[in-house]
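Below are my notes on the model, as numbered points. Please read them beside the coordinates.

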Amino acid sequence: MAQIFRPSADTYARLIMIAVIVGGVALVLLGPTAGWSNFQSRVGWGVEQPVPFSHKHHVAGLGLDCRFCHATVETSAHADFPSTHVCMTCHSQIWTGAEMLAPVRQSLASGEPLQWNRVAKLPDYVYFNHSIHIARGVACVECHGRVDTMPLLARAHPFEMRFCLDCHRNPASRVGPRDQVTRMTPLVWDDATHRRFALAAAKRYHLDPNRLDKCDICHR
């Protein structure tokens, strides 16, 4: 009688079964950790942009204020992206022929805005208002990190519900002077001064943690 399977077939079958079992166990044990990884949160991941804009150069090197480019951050829910005309305020005078700035010049000539890609993107079901946070003295660095050290902007924090709730449940500790919201380096003040300021800010702005962690604050 002709032999259908080779002698090694039994060995291969055992190896496949072992691989399936080990893979299943690994998936059960390691699967939940994917939600904690940078792959899921995108922390530290850069996003490709039409122009390789360096926050490190413009903020730390040139000393530009965040609001020079993100002009609506104090008056709107959205920080908004800089228009081509904002970029050309400087680049019509300097680096006028730089190859990397060709998309900016083309945008100006055609009237088509640059399509910047969001780094700090929240899900559509989350409501976030930049202006109210700025008005309360929450510094840009609290959410966006030290952008003055980023040649290519990357997400600094996992924009998950627990990140927002940690702040909303202890809001006074995150606020500072309103004229320092774009400051990148930490404010230099002692604990007692910070505590007095935080208590005064909580009273002035009616920062009630019992209200700020209600679902309808962010989900509307």
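This is a predicted model: local features need pLDDT of at least 70, side-chain atom pairs count only at pLDDT 80 or more; totals for chains, interfaces and linings use all residues.

1. Leucine 64 is partly exposed, its relative accessible area being 26%; buried means under 20% relative accessible area, exposed over 50%, and partly exposed in between (1.4 Å probe, protein chains only). Leucine 64 sits in the loop that joins H3 to helix H4 (66–69). Helices (H or I, at least four residues) and strands (E, at least two) are DSSP runs, numbered from the N terminus. Once neighbours within four places in sequence are set aside, leucine 64 is in contact with His58 and Val59, where contact means heavy atoms within 4.5 Å.

2. Residues are numbered from 1 along each chain as its sequence is written, and side-chain values use heavy atoms, with hydrogens and water left out.

3. The protein chain has 12 helices and 0 strands. Of its 220 residues, 27% count as buried. Among contacts in the protein chain with a separation of 6 or more, 69% are between residues 24 or more positions apart. The accessible surface of the protein chain is about 15200 Å², and carbon and sulfur atoms hold 62% of that; these areas come from the Shrake-Rupley method with a 1.4 Å probe, and for residues only the protein chains shown count as cover.

4. Which residues make up the largest nonpolar core? It consists of 10 residues: Val59, Cys66, Val73, Ala79, Ile134, Cys140, Val147, Met150, Val181 and Met184. A nonpolar core here is a set of buried Ala, Val, Leu, Ile, Met, Phe, Trp, Tyr and Cys residues joined through side-chain atoms within 4.5 Å. A second, separate core has 9 residues, among them Ala172, Ala198, Tyr205 and Leu212. As for valine 73, its contacts beyond four places in sequence are Arg67, His78, Ala79, His130, Ser131 and Ile134.

5. Helix H5 covers residues 84–91, and threonine 84 belongs to it. The buried residues of H5 are Thr84, Cys87, Met88 and His91. Viewed down the axis of H5, these buried residues fall within an arc of 95°, so they line one face of the helix; the arc is that of the directions from the helix axis to the C-beta atoms. The cover over the buried residues of H5 includes helix H3 (55–61) and H6.

6. Threonine 84 is buried, at a relative accessible area of 9%. Neighbours within four places in sequence aside, threonine 84 is in contact with Val104, Ser107, Leu108, Pro113 and Leu114.

7. Backbone angles deserve a look at two positions. Most residues other than glycine have a negative phi. Tryptophan 95, not a glycine, has a positive phi of about 50°. Tryptophan 95 is in the loop between H5 and helix H6 (102–110), and at 64% relative accessibility it counts as exposed.

8. Histidine 206, also not a glycine, has a positive phi of about 55°. Its place is the loop between helix H10 (191–204) and helix H11 (209–212). Is histidine 206 buried or exposed? With a relative accessible area of 68%, histidine 206 is exposed.
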